[in-house]
Amino acid sequence: MMLYSSPTCFHSHRVRLVLAEKNISMDIVSVPGPELPEDLLDLNPYHSVPTLVDRELVLYDSRVIVEYLDERFPHPPLMPVDPVTRAQFRLALYRIERDWYGLARDLEDASDNKQASRIRKMLRESILASAEVFSARHFFLSDEFSLVDCTIAPLLWRLESYGLELGSGGEPVEKYMDEVFSRRSFQDSLTELEHEMRQ
Ligand SMILES: N[C@@H](CCC(=O)N[C@@H](CS)C(=O)NCC(=O)O)C(=O)O
């Protein structure tokens, strides 16, 4: 198995975190961009990372990849078994991708300071609106570490590099961050460049 992965993008980090959580070893091809390797261009019509190759199977989009990995390597499971709870987790993944990932991407692409500070404020408010969910259970929505945590943690790791301070009301999120960032799997998932994103 082989993963084409950016050393800095949160979509790639999400997949690397799942690999570390499940202790899966595979060849990781670092793709710093902006140019992509020829073979990746041939494999993935969207020319994006992360891209996973498992023999004849080529997968792209981090969500498709992490769900495949969770089924292909069932231990430890990162999704609940019960259909209703599974659906709630899937809905959370959809909302995180749409809201937080969307704003983070806009922030990374912001063309000027004014635009960046407007997006930063929206992202901060959106995260703080979920402060109660962060404090309700040991992890997000659950007492077990899950694909939802593997999706949120790479984004929260980048807040400092985005110049975003949660400030007042952010304590439950900070506590969650301390807990997740100290996991062995999380530390193992980081590239050198990601290590440098937080002091
Ligand atoms: N929805 C995709 C987004 C992936 C994505 O945007 N990847 C960026 C790097 S963070 C990329 O490959 N950009 C190169 C390009 O689009 O040419 C996913 O979840 O994997």
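**Rings, ligand and cysteines**

Me: How many aromatic pairs does the count come to?
Reply: This is a predicted model, in which local features need pLDDT of at least 70, side-chain atom pairs count only at pLDDT 80 or more, and totals for chains, interfaces and linings use all residues. Residues are numbered from 1 along each chain as its sequence is written, and side-chain values use heavy atoms, without hydrogens and water. With Phe, Tyr and Trp rings (six-membered ring for Trp) paired when their centres lie within 6.5 Å, the number of aromatic pairs is ten.

Me: What is the geometry of the pair F134 and F140?
Reply: Both F134 and F140 are buried (under 20% relative accessible area, 1.4 Å probe, protein chains only). Their centres are 4.8 Å apart, with 70 degrees between the planes. Planes under 30 degrees apart are stacked, over 60 edge-to-face and the rest tilted, so this pair is edge-to-face.

Me: Which residue has its charged end over the ring of F145?
Reply: A charge sits over a ring if NZ of Lys or CZ of Arg is within 6 Å of the ring centre and within 35 degrees of the ring normal. One such case is R198 over the face of W157, at 5.5 Å from the ring centre. Over the ring of F145, 4.0 Å from its centre, sits the charged end of R183.

Me: How much of the ligand's exposed area does the protein bury?
Reply: C9, H11, H47, S48, V49, P50, D61, S62 and R105 surround the ligand (a heavy atom within 4 Å). A polar side-chain atom of S62 lies 2.6 Å from a ligand oxygen atom, and one of D61 is 2.9 Å from a ligand nitrogen atom. Taken alone, the ligand exposes 510 Å² (Shrake-Rupley, 1.4 Å probe), and the share of that buried by the protein is 64%.

Me: How many disulfides does the structure hold?
Reply: C9 counts as buried because its relative accessibility is 17%. C150 is in no disulfide, and its nearest cysteine sulfur, that of C9, is 15 Å away. C150 is also buried, since its relative accessible area is 0%. With a disulfide taken as a pair of cysteine sulfur atoms within 2.5 Å, the number held by the structure is zero.

Conventions:
Polar contact = N/O pair within 3.5 Å; in protein donor to acceptor, adjacent residues only side chain to side chain. Buried < 20%, exposed > 50% of the residue type's maximum accessible area, 1.4 Å probe, protein only.
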